[in-house]
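Here is a friendly walk through one model, with its helix packing and its charged pairs taken in turn. Please keep the sequence and the 3D view open as you read.

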Amino acid sequence: MRPYRRLEVRLSKTDERDLRKLLGSGVQQVRVVLRALALLELSSGQSAPAVARNLGLTPKAVRDIGWRHQQGGLERALYERQRPGATPLLSTAERQRIIAMVCSDPPEGRARWTIRLVVEESIKRKLVPKVGRETVRILLESHDLKPWREKNVVRGRTRRRVHSEDGKRSGSV
């Protein structure tokens with residue numbers, strides 16, 4: 001088992017006041033509340049395993065909270081850093097080209113666009129160098145386009161009427 005350095009967290013009066021204010025305020029994220037409680041208990045002299053048992057966390061998580069407080073202060077201990085997120089697979093121009101292609105008529109011999117056909121045609125027409133079916137499906141769904149579901153059905157009137165050949169003067173029923 002790896003030995004740990006003793007973690008001593010000393011909160012300033014302002015930090016402790018801010019933590020109590022945070023805990024007394026309205027709705028907060030659960031992880032922020034647990035981190036605040038862990039800091040308060042660590043500052044009162046309890047060990048990391050004891051704090052972990054009290055809060056239902058692991059001792060390592062409690063130690064990490066304490067080390068983050070020592071390295072970066074209260075904000076760093078309570079809140080996570082912003083994460084960059086994934087880069088978009090298609091640029092805005094590529095998206096617009098694919099949407100414009102789908103809004104046009106399908107290729108000769110096809111009744112409608114399918115996902116596979118959109119992928120195949122967008123690569124063939126050199127709109128994008130490479131694209132997957134799921135990427136195209138999500139793109140079309142986000143624009144509320146489902147060309148593979150369109151049915152070329154002409155809808156008649158919804159009102160029920162007696163046809164003139166059935167009775168000339170009957171009007172609507």
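Predicted model: local features only at pLDDT ≥ 70, side-chain atom pairs only at ≥ 80, totals over all residues.

Residues are numbered from 1 along each chain as its sequence is written, and side-chain values use heavy atoms, with hydrogens and water left out.

**Overall make-up**

- The protein chain has 7 helices and 0 strands, where helices (H or I, at least four residues) and strands (E, at least two) are DSSP runs numbered from the N terminus.
- Read from the N terminus, the order of elements is α-α-α-α-α-α-α.
- Of the 173 residues in the protein chain, 28% are buried; buried means under 20% relative accessible area, exposed means over 50%, and partly exposed lies in between, using a 1.4 Å probe and protein chains only.
- Taking contacts between residues at least 6 apart in sequence, 51% join residues at least 24 apart, a contact being heavy atoms within 4.5 Å.

- Helix H2 packs against helix H3 (residues 48-55) at an angle of about 140°, with the axes 10 Å apart. H2 is therefore oblique to H3. Axes here are lines fitted to C-alpha atoms, for helices over the stretch in contact, and angles run from 0 to 180 degrees between N-to-C directions. As for the wording, angles under 35 degrees count as roughly parallel, over 145 as roughly antiparallel, 65 to 115 as roughly perpendicular and the rest as oblique.
- The H2 and H3 crossing is right-handed; that term applies if the near helix is turned clockwise from the far one by less than a right angle, and left-handed if anticlockwise.
- On the H2 side, Leu34, Leu37, Ala38, Glu41 and Leu42 meet Ala48, Val51, Asn54 and Leu55 of H3. These residues of the H2 and H3 contact comprise 7 nonpolar, 1 polar and 1 charged. In this scheme Ala, Val, Leu, Ile, Met, Phe, Trp, Tyr, Cys and Pro count as nonpolar, Asp, Glu, Lys and Arg as charged, and the others, Gly among them, as polar.
- H2 also packs with H4, at an angle of about 105° and with the axes 10 Å apart. That angle makes H2 roughly perpendicular to H4.
- In this second contact, Val32, Arg35, Ala36, Ala38, Leu39 and Leu42 of H2 meet Val62, Ile65, Gly66, Arg68, His69, Leu74, Ala77 and Leu78 of H4. By class, the contact of H2 with H4 has 10 nonpolar, 2 polar and 2 charged residues.

**H5 with H6**

- Helix H5 (residues 92-103) and helix H6 (residues 115-124) have axes 11 Å apart and pack at an angle of about 120°. H5 is thus oblique to H6, and the crossing of H5 and H6 is right-handed.
- Ile98, Met101 and Val102 of H5 make the contact with Val118, Glu121 and Ser122 of H6. The contact of H5 with H6 has 4 nonpolar, 1 polar and 1 charged residues.
- Glu121, which lies in helix H6, is buried, at 8% relative accessible area. Leaving out residues up to four places away in sequence, Glu121 touches Met101, Pro107 and Trp113.

**Salt bridges**

- The count comes to 10 salt bridges, each defined as a side-chain nitrogen of Lys or Arg within 4 Å of a carboxyl oxygen of Asp or Glu.
- Glu80 and Arg31 form one of them, their closest N and O atoms being 3.0 Å apart. This pair links distant parts of the chain, 49 residues apart: Glu80 is in the loop between helix H4 (59-78) and H5, and Arg31 is in helix H2 (residues 30-43). Glu80 is partly exposed at 40% relative accessibility, and Arg31 is partly exposed at 45%.
- Glu134 and Arg137 meet in a salt bridge of 2.7 Å, N to O. Being 3 residues apart in helix H7 (residues 133-142), Glu134 and Arg137 are separated by about one helical turn. Glu134 is partly exposed at 44% relative accessibility, and Arg137 is partly exposed at 29%.
- Glu8 counts as partly exposed at 47% relative accessibility, whereas Arg10 counts as exposed at 70%.
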